[in-house]
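Subject: Structure handover

Hello,

Here is the structure for your side of the work. My notes on it follow below.

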Amino acid sequence: MKVVKDKGGRVHIPVHFFKEMGLSTRDEVQISIEHGRICVRKFEREKLRLYAHIGIVRKLDKLDRICIPREYWLLFNVTDVCKVDIYLKDKTMLILV
């Protein structure tokens, strides 16, 4: 599925991804780079000790968007508004650029 990355680096999470990931408005998500992809998964603060590593943690905004750090986009040479491929695997949203 293609979604638009806006100038602010925000990506809107489609409704069916939102439900499948177990997210609700204003939840926190963990953003990391794994195997050449940007990975977004629900962050559960109460399970903090169980995480082997933690990427960047961000809250969803009122419009159910996440802001991917600018540095992540720059690693993939993405500087402008563009469409990116996303898919869902094991409750993790993967962004391919």
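Please keep in mind that this is a predicted model. A search for aromatic pairs gave a count of zero. A ring does take part in another kind of arrangement: the charged end of lysine 5 sits over the ring of tryptophan 73, at 5.6 Å from the ring centre.

Nonpolar core

Tryptophan 73 also belongs to the largest nonpolar core, which has 21 residues. The residues with the most contacts inside this core are Ile13, Val40, Ile66, Ile68, Trp73, Met93 and Ile95. Two or more core residues come from each of α1 (15–20), β3 (28–34), β4, α2 (70–75), β7 (82–89) and β8 (92–96). As background, nonpolar side chains in soluble globular proteins tend to be buried together.

Valine 40 is part of strand β4, which covers residues 37–42. Its relative accessible area is 0%, so valine 40 counts as buried. Leaving aside residues up to four places away in sequence, valine 40 touches Met21, Val29, Gln30, Ile31, Ile66, Ile68, Lys91, Thr92, Met93 and Ile95. Isoleucine 56 lies 16 residues from valine 40 in sequence, and the C-alpha to C-alpha distance between the two is 9.6 Å.

Cysteines

The disulfide count is zero.

Aspartate 61

Aspartate 61 is found in the loop that runs between β5 (56–59) and β6 (65–67). Is aspartate 61 buried or exposed? Its relative accessible area is 19%, and aspartate 61 therefore counts as buried, since the limit for that class is under 20%. A polar atom of the aspartate 61 side chain lies 2.9 Å from the backbone nitrogen of leucine 63. Beyond residues up to four places away in sequence, aspartate 61 touches Arg10, Thr25 and Arg26.

Positive phi values

Most residues other than glycine have a negative phi. Arginine 26, one of the residues touched by aspartate 61, has a positive phi, near 75°. Arginine 26 is located in the loop between α1 and β3 and is partly exposed, with 44% relative accessibility.

Asparagine 77 is not a glycine either, and its phi is positive at about 60°. Asparagine 77 lies in the loop between α2 and β7. With a relative accessible area of 69%, asparagine 77 is exposed.

Regards

Key
Residues numbered from 1 in each chain as written. Predicted model: local features only at pLDDT ≥ 70, side-chain atom pairs only at ≥ 80, totals over all residues. Heavy atoms only, no water. Disulfide = S-S within 2.5 Å. Phe/Tyr/Trp six-rings, centres within 6.5 Å; stacked < 30°, edge-to-face > 60°. Lys NZ or Arg CZ within 6 Å of the ring centre and 35° of its normal. Helix = DSSP H or I, 4+ residues; strand = E, 2+ residues; numbered from the N terminus. Buried < 20%, exposed > 50% of the residue type's maximum accessible area, 1.4 Å probe, protein only. Polar contact = N/O pair within 3.5 Å; in protein donor to acceptor, adjacent residues only side chain to side chain. Contact = heavy atoms within 4.5 Å. Core = buried A, V, L, I, M, F, W, Y, C linked by side-chain atoms within 4.5 Å.
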